[in-house]
Amino acid sequence: DIIEDYYPVTLQIFAEDADGNNLFDPSYDKNIIDEVTVTYNGEVMKLKRPDAAKSKINLDFYMPSWYGATLRSYKDSSAKYYMFIGEWDATKKWDEELQINWPDGTYNTIRFKLVTPGIDHCLYLLDGKSQRESTFKFVK
């Protein structure tokens, strides 16, 4: 028997102001953590801050978990903050669209299509323009 394990589909959203300040950094006094929202399947989600009390169960087979829109940071010395959206099960076909609602009243639409489950051939579209990566960078 062969057991296949696929990394779930996730989106990483980075946002900076014109001066290069990270708008998701809690220590930046003009951050947008409490103002930005994501609309997905008709639900408007606020950005959730990480809950230090929660921990994942370590399993041999990784099951995708829906976290919605969550504030995260890299564990390295950069401590760069970003919005994490996901997870979607990579063993299924997806054609999903969501909207990032910025505090200034503008929005961006992200769509992704996973046609062949289990294979990293996901098509990502930002406002209708194709890109290969699940990382999106904005200057607001």
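A: A contact is counted where heavy atoms lie within 4.5 Å. Among the contacts between residues at least 6 apart in sequence, 47% join residues at least 24 apart. The model is a predicted one, in which local features need pLDDT of at least 70 and side-chain atom pairs count only at pLDDT 80 or more, while totals for chains, interfaces and linings use all residues. Residues are numbered from 1 along each chain as its sequence is written, and side-chain values use heavy atoms, with hydrogens and water left out.

The protein has 0 helices and 10 strands; helices (H or I, at least four residues) and strands (E, at least two) are DSSP runs, numbered from the N terminus. Of the 140 residues, 39% are buried, where buried means under 20% relative accessible area, exposed over 50%, and partly exposed in between (1.4 Å probe, protein chains only). The protein exposes about 9000 Å², of which carbon and sulfur atoms supply 50%; these areas come from the Shrake-Rupley method with a 1.4 Å probe, and for residues only the protein chains shown count as cover.

The open sheet is formed by 4 strands in the order S4-S5-S1-S10, with mixed pairing. Strand S4 (68–73) and strand S10 (135–139) stand at the edges with a single partner strand each, so one side of each has no neighbour in the sheet. From one strand to the next, the twist averages 25°, with axes taken as lines fitted to C-alpha atoms (for helices over the stretch in contact) and angles running from 0 to 180 degrees between N-to-C directions.

Two strands pair if DSSP finds at least two bridges between them. Strand S1 (residues 9–16) and strand S5 (residues 81–88) run antiparallel and are joined by 5 bridges. Within this pairing, glutamine 12 has phenylalanine 84 of S5 as its bridge partner. Strand S5 also contains glutamate 87, and the peptide bond from glycine 86 to glutamate 87 is cis, with omega near 15°.

Two loop residues complete the picture. Asparagine 41 lies in the loop between strand S2 (37–40) and strand S3 (43–46). Its phi is near 50°, a positive value in a residue other than glycine, and asparagine 41 is exposed at a relative accessible area of 63%. Aspartate 127 is in the loop between strand S8 (122–126) and strand S9 (129–131). Phi of aspartate 127 is likewise positive, near 50°, and this residue is partly exposed, with 41% relative accessibility.
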